[in-house]
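Subject: Handover of a structure for your review

Dear colleague,

Please find below the structure that I am handing over to you. My findings follow it.

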Amino acid sequence: MSDEQLRPAWSQAFMDVALLSLSVSGPLAQLSPEWAWGGSTGKGVRVAVVDSGIEHDHPALDSCVRGGVAVEYDEQAYMSHRIDPDPEPQDVSGHGTACAGIIHAIAPEAELYSVRVLGRDMRGRGIQFAAGLDWAIDNGMQVVNMSLSTSNQDYFALLHDLVDNAYFKNIPLVSAVNNIPAPSFPSLYSSVISVAAHAGKDPFTYYYNPNPPVEFGAPGIDVRVAWNNKQYITSTGNSFAAPHITGIVTLIRAKHPELTPFQIKTVLWACAENVQRMRV
Amino acid sequence: MTEELSNQNPSTQDSQLAEQLERLVRSIQASGHAVLPRSSDALLQSIVAAAARIFGAGAASIALIDEKKGTLDFKVAVGPGNTDVVGMSIPRDKGIAGYVAMTGQPIAVSNVEQDARFAQDFARSTGYMPRSILATPLLSNERVIGVMEVLDKIQAASFGLQDMELLGMFAHQAALAIDISQQFDRLGEALIYGLTRLADAETAVAMPDLLAALEKIKVEDPQGSDLLALADLFNQISQLGSAERRACLKVLAVFAEYGSAKAKFSRGGFGR
């Protein structure tokens, strides 16, 4: 194994001992959580959860799921996939439901859409993922949560293209970095908001890491999350950190619909717990 | 003796050679399919044992994906109920291991006993009820080939992110061990394939017995046949003139450079 393959431990940047205290001054110091999302409920913002589906009638979701699609691998179809409507989505594992529950708890009036890109057939994982993201970009989604990634190099360029497309269409993409010793896309691209886990519990407390590619740390350790069959489990993973940031981005988006992805990232940075806003 | 041999009918020589070859190839096949996986199982077993010890885990296991059956088959395990776990198959899309196999993302779950479904599934199949689970994918060439799990961190309620990152490295070792044993499997197949082609080629002496012997042990779908096709191409190229060879080399060099640059770009930026 070459050194190149040894990935740094992404979440270590968010451990207490490693956290860097940063500061912001000048006009950007005026940005505050109160300004950014105070009073917002995410009302009317369409959020796509690109994942294993969402159990739409899970009690944790209070009927916030408005529909969705299932991207299935299909060898006969153009580009080996087809997109089926999924008006009352279900979840093949529980993972997407967990992410949806976290987003809904933070942004209770946002409208959630399930983009299921996982299924029994694993041959088409990469193309299903890319097609699901493409669907979200082209179908009016305003924020996209991707607690998924691929390490398949074949999808590097395609995903890069899609991610740039989302960026130019003002759709913030929130991506969980994968905690495995391999690169994972699209979490490592600069135009996404990449998230790893920290040990805190407060859903609104997150940190900025000045040493990219992973820029934000949000709660993801021993989080009580919704799961399939109307159940809950306590789980750990960067997968659960990303939807915390997705929830906050949704609140910002609802309150300040004019902001672009790079402006939203700036707001997130200025409002991070380890960034001291100095009044000047 | 020499006299006798040279007077022998060429086809008799051929049949003796074929017989020897068949024995040889069969033993290579046997070592590929039986001996090496056994030694790689021992390696996998030692990896899960080491992982369990380092994480302070009550149990650990490795399950591999069977694409045809759509299952996760437990290959090695340590801890209580380990003999029941080995040989067990679960649907590839069920439970924590199924989730990891499906997504390629690691996950940790604590307070497992509070979740009726996982607890029941697990208890039913193994008679062992874990409190916490940490599961990570085994990746081979960026494809999920299996799942490694450690259960019940001793003296802690749950596995943390550092445990998750560390288990990823153990899983990488396990995946390498599996890769190596699969490559040995392919070595036998490649040899048979190569010999068949040789016997089949338009040589001065026909080797019908050899061909027949090889036919008997023929591999249906030699894996890595694209590599063999590449070797064939090299052979053809080597027979060309020196100018053609140089031109081919240039093309290949550019392609190799492109390939490594692609890998570098896609991994770039975080070389620290």
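**Chain B: strand E6 and its partners**

In strand E6 of chain B, the bridge partner of B:Ala63 is B:Val147. Please note that this is a predicted model. The pairing belongs to strand E1 (residues 57–66) of chain B, which is joined to E6(B) by seven bridges in the antiparallel sense. E6(B) also runs antiparallel to strand E5 (residues 133–140) of chain B, and eight bridges join these two strands. E5(B) and E6(B) form a hairpin with two residues between them, and B:Asn141 in the turn has a positive phi of about 50°. Strand E6(B), which spans residues 143–153, is mostly covered, with nine of its eleven residues buried.

**The nonpolar core**

The largest nonpolar core has 141 residues, and those with the most contacts inside it are A:Val144, A:Val195 and B:Ala174. Helix H6 (residues 161–200) of chain B gives the most to this core, contributing ten residues. Which residues does B:Ala174 touch, leaving aside its neighbours within four places in sequence? They are B:Leu44, B:Ile47, B:Ile62, B:Leu138 and B:Met148. As general background, nonpolar side chains tend to be buried together in soluble globular proteins.

**Chain A: overall form**

Chain A contains six helices and 13 strands. Its radius of gyration is 18 Å, close to the 19 Å that the globule rule gives for 280 residues, so chain A is as compact as a globular protein of that length. Taken along the principal axes, the C-alpha atoms of chain A fill a box of roughly 60 × 50 × 35 Å. Of the 280 residues in chain A, 58% are buried. Among contacts in chain A between residues at least 6 apart in sequence, 75% join residues at least 24 apart.

**Chain A: the sheet and the helices upon it**

Nine strands of chain A form an open sheet of mixed pairing, in the order E4-E3-E5-E2-E6-E7-E8-E10-E9. Strand E4 (81–85) and strand E9 (207–208) of chain A stand at the edges with a single partner strand each, so one side of each is left without a neighbour in the sheet. The partner strand E3 (residues 65–73) of chain A pairs with E4(A) in the antiparallel sense over five bridges. A:Ala70 stands opposite A:Asp84 in E4(A).

Helix H2 (residues 95–106) of chain A packs on the sheet, where it touches E2, E3, E5 and E6 of chain A, and its direction makes about 155° with that of E2(A). Helix H5 (residues 238–255) of chain A lies across E2, E6, E7, E8 and E10 of chain A, running at about 125° to E8(A).

**Chain A: helix H3**

Helix H3 (residues 125–138) of chain A has 14 residues and reaches 20 Å from its first C-alpha to its last, close to the 20 Å expected at 1.5 Å a residue. Is H3(A) mostly covered or mostly uncovered? H3(A) is mostly covered, as twelve of its 14 residues are buried. Among them are A:Ile127, A:Phe129, A:Leu133 and A:Ile137, together with A:Arg125 and A:Asp134. The buried residues of H3(A) pack against E2, E3, E4, E5, E6 and helix H4 (156–168) of chain A. After H3(A) comes A:Gly140, whose phi is positive, near 75°.

Yours sincerely

How values were computed:
Residues numbered from 1 in each chain as written. Chains lettered and ligands numbered in written order. Predicted model: local features only at pLDDT ≥ 70, side-chain atom pairs only at ≥ 80, totals over all residues. Pairing = 2+ DSSP bridges. Helix = DSSP H or I, 4+ residues; strand = E, 2+ residues; numbered from the N terminus. Contact = placed C-beta atoms within 7 Å. Axes fitted to C-alpha atoms, helices over the stretch in contact; angles between N-to-C directions. Core = buried A, V, L, I, M, F, W, Y, C linked by C-beta atoms within 7 Å. Buried ≥ 20, exposed ≤ 12 C-beta atoms within 10 Å, placed from the backbone. Expected span 1.5 Å × (residues − 1). Rg over C-alpha atoms; globule rule 2.2 N^0.38 Å.
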